[in-house]
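Trainee: Could you take me through one part of this model in detail? I would like to see how its inside is put together.

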Amino acid sequence: MTYTSQEERWAIIAHWKQNGNSHITARELKLTVKVVDRWIRRYETTGDVADAQKSGRPRKLNASAAKKALKLLLEREHGNSAAVAQMLYASGDVNQQVSRRTVTRSAHEAAKVEGMKIKHVQGRPRKKLTAATMQKRVAFCTAMMRMNWMNVLFTDRKKFHFSYPGCNVTAGAWVLEGQSLEVPTVNHAQCCQNVYAGITAFGMTKLHIVADSSGHKTSYQNKQGQVAKNITSIEYGQQDNDPTHKAAKPEVEQWNAKHASSMKLLMGWPPNSSDLNPIENFWGYLQAKVNKRGCKTFSEFKVALDTEAESAPTTYFQILVKSSMPDRIRACLLVIL
């Protein structure tokens, strides 16, 4: 059953008093006749549109305490729901210690009364975009609505760290009650492989080792544009706004002139828009695959990166590019507009 807010309930009564007809009221407010009749009967019976008193165990948080719990949770300055539960008890808003589930359930109900919905999100917060960046994202995504993404090479660099020698690291694992998941880790940061690559709907380029890799001295700039030499039938090459990518344009122009090709760089890529680049998903896929191998040495780790990258199925890239890019563009516009 759809929840009817206090404002909607009183609007029903006001319209009904004016026109005297529940069907007309339902049509004017775009509600069902059943909903309108329910609140008209409630008003005629009680003189109010408040929720009916329910039987069962009384609420541990009254309306005022629930509203405060909602406010504290949304402010994000007071910790998690367990911390908010302690604050409510310390301030006297509740007469006994309540659980974090009671706090979250009451906050959900308080939000519902206010005509809102809340949810708990995890992970690192996304970077807040400036107005200028949001405008650039809108302009780019609007222009790309009819883009044929099958003809685009998406590029990026990624630093892979050799952090868990000899351990198969997966997204989750079972342990005995009272134990935690612990594995040996590498404490030094020099064991990393910094790579540059590109993907299309048909596959990927080789992984180019670039600067900041352990034991590798080649400058990153010298590698720019080389991905164009691996896939020659692509019409556009995508790059983000990393300053080092300026070196890609002359490389691509030289390649086009030498091989009678017509590859162009995709212009107007907005800043802070890694969510639009499907290669970010591939990096996560590759990291998970390598972690599962449990490489014992850094040499094994480097070989595993190449092996897992080369064995990625073509269907995976088709889904990443052909299937997801239109959805990414639409999602970007929906969030901003």
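Mentor: Start at Trp149. In this predicted model, Trp149 touches Phe140, Met144, Phe154, Leu266, Val321, Met325, Pro326 and Ile329, leaving aside residues up to four places away in sequence. Now widen the view. Trp149 is among the residues with the most contacts inside the largest nonpolar core, along with Leu207, Phe282, Trp283 and Leu286. That core has 40 residues. Which elements give two or more residues to it? They are α7 (131-143), β1 (152-161), β2 (192-200), α9, α10 and α11 (314-336). Of these, α11 gives the most, with 8 residues. In general, nonpolar side chains in soluble globular proteins tend to be buried together.

Next, look at two of the contributing helices. Helix α9 covers residues 279-293, and helix α10 covers residues 298-310. Their axes come within 9 Å and cross at roughly 130°. An angle over 145 would count as roughly antiparallel, and 65 to 115 as roughly perpendicular. The pair is therefore oblique. The crossing of α9 past α10 is right-handed.

Which residues meet there? From α9 come Phe282, Leu286, Lys289, Val290 and Arg293. From α10 come Phe301, Ala304, Leu305, Thr307, Glu308 and Ala309. Sorted by class, this contact has 7 nonpolar, 1 polar and 3 charged residues.

Methods:
Residues numbered from 1 in each chain as written. Predicted model: local features only at pLDDT ≥ 70, side-chain atom pairs only at ≥ 80, totals over all residues. Heavy atoms only, no water. Axes fitted to C-alpha atoms, helices over the stretch in contact; angles between N-to-C directions. Helix = DSSP H or I, 4+ residues; strand = E, 2+ residues; numbered from the N terminus. Parallel < 35°, antiparallel > 145°, perpendicular 65-115°, else oblique. Left-handed = near helix turned anticlockwise from the far one by under 90°. Contact = heavy atoms within 4.5 Å. Nonpolar A, V, L, I, M, F, W, Y, C, P; charged D, E, K, R; others polar. Core = buried A, V, L, I, M, F, W, Y, C linked by side-chain atoms within 4.5 Å. Buried < 20%, exposed > 50% of the residue type's maximum accessible area, 1.4 Å probe, protein only.
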